[in-house]
Amino acid sequence: MFEEVATSKEGEQIINVGPQHPATHGVLHLIITLNGETIVNLEPNLGYIHRSIEKMCESLSYRQFIYTTSRMDYLAAHINNHACALTVEKAMQIEIPERAEVIRILVSELTRIASHELWWGAMAMDLGALSPFFYAFREREVITDIMEETCGARLTMNYMVPGGVMADIHPNFVKRVKDFIIQFKSRIDEYDQLVTGNIIFQNRMKNVGILSKEDAISYGTTGPTARGSGVSCDIRKIYPYSIYGKLQFDEVLETAGDSFARYLVRVKEMKQSISIIEQLIDNIPEGDFQAKTKAVLKLPKGEFYQRVETPRGELGVYIVSEGGTTPYRIKFRSPGFSNLSALNHMIKGHKIGDLVAVMGTLDLVIPDIDR
Amino acid sequence: MGNEELILKLKEVFPEMDCVQGNDWPELSFGSDRLIDVITYLKQTPELAFDYLFCETCVDWKTHFNMVYHLDSTRYRHNVVLKVKTDREKPEIASLAHVYRTAEQHEREIFDLFGIVFLGHPNLKRIMLTEEWVGYPLRKDYEDPINIIKL
Amino acid sequence: MFSIENITNSFHNWLSSVLSETLVMLVEMGLIAIAAIALFAVLGLVLVYMERKVAAVIQIRLGPNRVGPMGIFQTSADTLKLVLKEGFMPNNVDKFLYKLAPFVVMITAMLILAPIPFAKGFQIWDINIGVFYITAISSISVIGILMAGWASNNKYSLLGAMRSGAQIVSYELSAGMAVLSIIVLTGSLNLNEIIESQRNGWWIFKGHIPALIAFVIYIIAVTAETNRAPFDMAEAESELTGGFHTEYAGMRFALFFLAEYINIFIVCAIGATLFFGGWMPFHIGNWEGFNHVMDFIPSFVWFFGKTFFLIFLIMWFRWTFPRLRIDQLLNLEWKYLLPISMFNLLLMTVIAIKGWHF
């Protein structure tokens, strides 16, 4: 570090943000060069929570490796599991019962809402407003309770398995989700009253951290980050997987490309997810929740890729199989990794205060970046 | 452009390369010396417009490395997979950091975990592991008895 | 009718009858010092507890409720913890300044207590330039903060201290202007005379809209001056981890923490004195009966009631608003608040000269 201080220019100083810092929400380390309060350069230093899940997966069977992926993007464990299950099912050509499909989408969308809730509270906290966090957790708690009842876990659920879901939904599931929909709809307006309309908040968010459409594509940003810049990239819409093709929902797009646009995209996405849940909750078909599969899964030789939409963007699972019971090589294309690479471009010339605001709108989950 | 159409087009432009239909998308295989030509063509041809590199990774085949590039076009929504063979003894390949900026971080990760040197990369250094780490963990011959427990 | 004035007077008379004049003064000074420190400690405990309860209500939760009934001993327990903690000091700090800084901040806060009339006839030091004294002394606390930031040998601390310096120096202007507009009406810098001038109604009502504007500006400016959210640039937990007190631990940190709450109390007390009549009960013009009923409420209840109402306002801000950015903060002061308060002062002068106020 001392060398870098020596090489920094006159009037510039280098500051380490993280790995222990309240705004990085995890063990992210950013080396920022400051001129006064203005950020001249930013370099992320990753790996503080790198567990080499890709290497671990190489010695785990196709039933086991899914459990490691819950620990990647821990706010969207269901969707990570879903991506892996889909890849295995695609490779083995397993037909999934309709009931399992519907349950999968329901829990995925609940996860998406829970993830966006947490992001909403955490981002407001980054901006110095501490109260929204508790309001966000009020709703998120209900979702985690529902998950606990059905999956047995609150965070790393490990609910989806190749062939369907691990267990049938709890008898209370439908009623509790319906109650949640009513509760959520009456309270989403509170969010706007508390945060969205606040003039300080808008001043902090508008025209800050602008990412143009071209840059958003070039940096490989996905999810709400790219959709805030007007890039249509919702995998559920453009490459529909599972039964998303049959559902009615809108892809939320904003064109401004600033922090406020990304904020709006996520808040509106929560409403879209609620509408998906509403379409499905009354129409859960009867039947099996899991297809009959062999005890030991063997993928045919070849390469399989599955893209899914997590709350943070596009997650890709790339499996190279040699025909055995374990993958030869597995690669997780995590959304946060690419979104983070755009941070330097977005933050240059802004103040330190904006760093946390922009980082907040990227919705970084560090284990997802490091894997 | 559909997959068949894309394969025909690629076969026409790059007749010496191997182009087959993979499980999802067309797969184009070639040697590392042609990478920049192919990428430039794929990105700049208006009817292809592959402007989005959504996955870049590497597979260690013990005799050689395969760099795998997944490309998407945000305009036409067609995809292609590039498989580029590189030498295992002296793994070097051109960097795409100036074509797709997302490649910069992806290539740092691949350099870190596979040890592939990207020529022309603006900031090629380890990203996950510490600078003094010896070896490249995702290679098949990597042994680490302390940190990795074999099952 | 209960009054503190009688108690202090009879105590003074009793002391004078048994001791010589010099000794009386020394004994009274000693007692006042003890009283000030005790007030300091009690206020710190009460305000921290209040802040946590207010925050809890705003954040739909319960707040401290385990230590003692309703958790009222929570802050005492916290203080005990802080006292018992190791006074950790990092390497390579400027030891003298590092140790001095918390005391500078705290002594400054204590000094301002002197001219504040807590109740009728209950005041440590009745000077004729009370308001001026308060404005002058309150500027010193920024030196303590700068000292802490510089001595800590930490970049976050330094950034926090620099922010704090820029902020306090700027916002003192509008706070001063707002105070000045009341001085224009009363024509006196003596706090007792200012209170006396509000016998027939508080200035916030008597001074028409300019007084209201002055009050709003005053509250914004002092929130900034005390480094409270939404103007907590100096600490900015999510940006600078802890700002100027990042490197402080144990009791040294507690002194900063305490000083913040004492400063809030002081600025609110001054606000209550200037705009809401200090210990003066709520009087309406010549309504003898109504005024008489109001007089039965002891004067210190009025004073603390008004002060705590203002403190509640400031706490309400903190738990509702996001933080401003440093450049927005300075823009707000130099582009909006200062011009408005200057114009407001002019308007107030016209009102005072023409005698348009009640």
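## Chain A and its two partners

The contact between chain C and chain A draws on 24 residues from chain C and 34 residues from chain A. Bear in mind that this is a predicted model. Between them, chain C and chain A bury about 2600 Å², with carbon and sulfur atoms giving 59% of that area. Two salt bridges turn up across this interface by the rule. One pairs C:Arg163 with A:Glu37, and here the closest N and O atoms sit 2.4 Å apart. On the chain C side, α7 (155–186), α11 (237–240), α14 (299–320) and α15 (326–354) each supply at least two of the residues that touch chain A. Sorted by class, that side of chain C has 11 nonpolar, five polar and eight charged residues. As for polar contacts, the rule finds 10 residue pairs between chain C and chain A, both partners being at pLDDT 80 or more.

Now for the other partner. Chain A and chain B each put 45 residues into their contact. Of the two pairs of chains in contact, A and B share the most contacts. About 3700 Å² is buried between chain A and chain B, 50% of it on carbon and sulfur atoms. On the chain A side, the residues that lose the most area to chain B are A:Lys55, A:Tyr328 and A:Phe337, which together account for 17% of what that side buries.

Here are the two interfaces laid out in a table.

| Chains | Residues in contact | Buried area | Salt bridges | Polar pairs |
|---|---|---|---|---|
| A and B | 45 residues from A, 45 residues from B | about 3700 Å² | nine salt bridges | 24 residue pairs |

And what about chain B and chain C? These two do not touch, and their nearest C-alpha atoms are 24 Å apart.

Back at the A–B interface, the rule finds nine salt bridges. In one of them the side chains of A:Glu303 and B:Lys83 meet, at 2.7 Å from N to O. Taken by class, the chain A side facing chain B has 17 nonpolar, 13 polar and 15 charged residues.

Three of those chain A strands deserve a look of their own. Strand β6 (residues 302–310) of chain A runs antiparallel to β7(A), and nine bridges join the two. The link between β6(A) and β7(A) is a hairpin through two residues. On its way, β7(A) also pairs with strand β8 (residues 329–333) of chain A, again antiparallel, through five bridges. A:Gly316 can be followed across both pairings: its bridge partner is A:Arg307 on one side and A:Arg333 in β8(A) on the other. How enclosed is β7(A) by the rest of the structure? Nine of the nine residues of this strand (residues 313–321) are buried, so β7(A) is largely enclosed.

Is B:Asp72 buried or exposed? With 0% relative accessibility, B:Asp72 counts as buried. Its side chain makes a polar contact with that of B:Arg77, at 3.3 Å. Leaving aside neighbours within four places in sequence, the contacts of B:Asp72 include A:Tyr239 and A:Arg307 from chain A, along with B:Ala49, B:Phe50, B:Tyr52 and B:His78 from chain B.

B:Ala49 lies in the loop between α2 (35–44) and β3 (52–60) of chain B, and at 6% relative accessibility B:Ala49 counts as buried. Chain A has a residue of this kind too: A:Ser242, with a positive phi near 50°. A:Ser242 is found in the loop between α11 (235–238) and α12 (259–281) of chain A. At 26% relative accessibility, A:Ser242 counts as partly exposed.

Technical notes
Residues are numbered from 1 along each chain as its sequence is written. Chains are lettered from A and ligands numbered from 1 in the order in which they are written. This is a predicted model: local features need pLDDT of at least 70, side-chain atom pairs count only at pLDDT 80 or more; totals for chains, interfaces and linings use all residues. Side-chain values use heavy atoms; hydrogens and water are left out. Buried means under 20% relative accessible area, exposed over 50%, partly exposed in between (1.4 Å probe, protein chains only). Helices (H or I, at least four residues) and strands (E, at least two) are DSSP runs, numbered from the N terminus. Two strands pair if DSSP finds at least two bridges between them. Contact means heavy atoms within 4.5 Å. Buried area is the accessible area (1.4 Å probe) that two parts lose on being put together, summed over both. A salt bridge is a side-chain nitrogen of Lys or Arg within 4 Å of a carboxyl oxygen of Asp or Glu. A polar contact is a pair of N or O atoms within 3.5 Å; within protein, one must be able to donate a hydrogen and the other to accept it, and residues adjacent in sequence count only if both atoms are side-chain atoms. Ala, Val, Leu, Ile, Met, Phe, Trp, Tyr, Cys and Pro count as nonpolar, Asp, Glu, Lys and Arg as charged, and the others, Gly among them, as polar.
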